[in-house]
Structures are given as structure tokens and as C-alpha cells.
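Me: Here is a protein model I want to go through term by term. Please back each label with its cut-off.

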Amino acid sequence: MSGLADLPGDEPAARPRGAAGAAAPSGPGTGAAPARDAPPAPAAARSVFGAGLPDAERYVARLASDGVTRGLIGPREVPRLWERHVLNSAAVAEAVPEGARVVDVGSGAGLPGIPLALARPDLGLTLVEPMARRVEFLEEVVAELGTPWRVVRGRAEERAVVREVGPVDVVTARAVAALPRLVGWCRGLLRPGAQLVALVGARAVEELPALVPELERAGMRDIHPRAVGSGLGEAATTVVVMTRGSR
């Protein structure tokens, strides 16, 4: 199995999940709870997000408040939201072509898709997530930020999702599944020439050479790791990039 869930430092649960038993408010229009614990933006955030920094700050405030209350973010993750989650996700932008139509699968709290699109406003973004409470959170964030992004409820492998999403240039994922399983789930979204950009940790990079034959049998080519965010300190990370072949 790949160490896809192991991100910087190989710590577990890199994709923010809620603490067990966290309650989720019900009903639309709940609104953001007070951002009592939202950490301030580090200096690097301005260079990454530019004019989009205020929106990135609003998103972090949502994660630190509603994200915790609804069980999408563990409370212990709040102090490191910027470095470990938001800047870490935005670093993926280095591996995404200009003007790409991006689909973030298993988006959860919007990582890496939302920071990626805030850092790269040239991208089109669709967030795909099966869980209702996460979809509600994503829809509220999209509405608050006033962006044209789409939120689609469902799983990447479902035909209805593939039809609704439409043409895709890049599929992104963070701590969703082992790489061979992830490719299987996303195969319907990946037309020939489309790329999968998976945010991974050191363990996944170590295991990648052994997985290449299986990934190639699944129709992927040009499979390679790529370091991104080298100027972001502890937010630097690695992605595995691969391209869907002609079959």
C-alpha cells in the first residue's frame, strides 16, 4: 500500500479530519462561527496568494471555526493550518498547467483544491465530495468567497459524477487512497492526456518505484515524483504526477 496519507514529516491523518464525536450543525446558512483560534497568515502567504490573501484568510477562519465544529478539522490542527494544510496545498500549483480544468476528488474540507485555486485564479475548479456535511461546508465557502467553483456531491468513480464534472485536465487528491486505488477511482475522469496530481508524503515516494508497473497497467504513463513549494519552509511537499495514456 502506498503512504499517500503521510504528508510532511510522515505524520498520520494529514488530510484534516474531525475529532471523533464532533457535532455538526444542521441546516443551510449556518454561517461561519467566530474564528477564535484562527492563526495569523505567515509572511509566505502573501507571496503565494497575492491579491487572494484576504480570501485565503477567510478560508482559514472557516477551517478554524466551522471546520472544527463540524468535525472536518481536528482541534490540534488549528495552529498549523497555514503551513501544514493551506500553504502545503497551494504548493501543488507548481505542478498544474496554466488554465487547467481541475477536479479535486475526495475534497473533504477543500484541500488541496481551494488553496490551489486561490493561489491560481486562472484555474477552473470542481470539488467532488460524497459526504453531505462536507459538501454543505464546501458550498458555504464557495458562496462566501464569491467564486465560480463548482461543488459536486458523489464519488469520483460514479458515472453520474463523471458526467456532471465534464472534461478534466487535472485531477488532484490529498490523502484519499493508495495510488493504484486512487487511479482506479479516477479513471473515468481522466481522459487521455489528463494528469493526476496526488499530494503525497515521503513513504509514498519511497514506494513509488514498486508501484509503477501496476500504475502503467492501469493506463498511466510519465509517472514521477515532483518536489513543490521549496521556498515555503515546512509547507514544502511532494506530489506524484502521472498522465493518462491513450488506452
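Reply: Start with burial. Buried means under 20% relative accessible area, exposed means over 50%, and partly exposed is in between (1.4 Å probe, protein chains only). The model is predicted, so local features need pLDDT of at least 70 and side-chain atom pairs pLDDT 80 or more, while totals for chains, interfaces and linings use all residues. Residues are numbered from 1 along each chain as its sequence is written, and side-chain values use heavy atoms, with hydrogens and water left out.

Me: Which residues of helix H7 are buried?
Reply: In H7, residues 179-186, the buried ones are Leu179, Pro180, Leu182, Val183 and Cys186. The helix itself is a DSSP run: helices are H or I with at least four residues, strands are E with at least two, and both are numbered from the N terminus.

Me: Why do the buried residues of H7 line one face of the helix?
Reply: Seen down the axis of H7, they fall within an arc of 160°, so they line one face. The arc is that of the directions from the helix axis to the C-beta atoms. In general, an α-helix has 3.6 residues a turn, so residues three or four places apart point the same way.

Me: What do the buried residues of H7 pack against?
Reply: They pack against strands S1 (101-105) and S4 (170-174), and also S5, S6, S7 and helix H8. Contact here means heavy atoms within 4.5 Å.

Me: What makes H7 roughly parallel to H8?
Reply: The two helices pack at an angle of about 30°, with their axes 10 Å apart. That angle makes H7 roughly parallel to H8. The cut-offs are under 35 degrees for roughly parallel, over 145 for roughly antiparallel, 65 to 115 for roughly perpendicular, and oblique for the rest. Axes are lines fitted to C-alpha atoms, for helices over the stretch in contact, and angles run from 0 to 180 degrees between N-to-C directions.

Me: Which residues make the contact between H7 and H8?
Reply: H7 supplies Leu179, Pro180 and Val183. H8 supplies Leu208, Leu211, Glu214 and Leu215.

Me: Is the crossing of H7 and H8 left-handed or right-handed?
Reply: H7 passes H8 in a right-handed crossing. A crossing is left-handed if the near helix is turned anticlockwise from the far one by less than a right angle, and right-handed if clockwise.

Me: What is the strand order in the open sheet?
Reply: The seven strands run S3-S2-S1-S4-S5-S7-S6, with mixed pairing. Strands pair if DSSP finds at least two bridges between them.

Me: What makes S3 and S6 edge strands?
Reply: S3 (150-153) and S6 (220-228) each pair on one side only. From one strand to the next, the twist averages 20°.

Me: How do you know that S7 pairs with S6 and S5?
Reply: Seven bridges join S6 to S7, residues 237-244, and the two run antiparallel. Six bridges join S5 to S7, also antiparallel. Val239 in S7 stands opposite Arg226 and opposite Leu199. Thr243 in S7 stands opposite Arg221.

Me: Why is S7 called largely enclosed?
Reply: Seven of its eight residues are buried, so the rest of the structure largely encloses S7.

Me: Which helices pack on the sheet?
Reply: Among them is H5 (residues 132-145), which touches S2 (124-129) and S3, its direction making about 170° with that of S3. Another is H8 (residues 202-217), which touches S5 (195-200), S6 and S7, its direction making about 165° with that of S6.

Me: Is Ala175 buried or exposed?
Reply: Ala175 is buried, with a relative accessible area of 12%. It is found in the loop between S4 and H7.

Me: Why is Asp222 called partly exposed?
Reply: Its relative accessible area is 46%, so Asp222 is partly exposed. Asp222 is found in strand S6. Its phi is positive, about 50°, although it is not a glycine.

Me: What makes Gly99 partly exposed?
Reply: Its relative accessible area is 43%. Gly99 lies in the loop between H3 (81-90) and S1. It touches Arg120, Asp122, Leu123 and Asp169, not counting residues up to four places away in sequence.

Me: Which peptide bond is cis?
Reply: The bond from Leu111 to Pro112 is cis, with omega near 5°. Pro112 sits in the loop between S1 and H4 (113-119).
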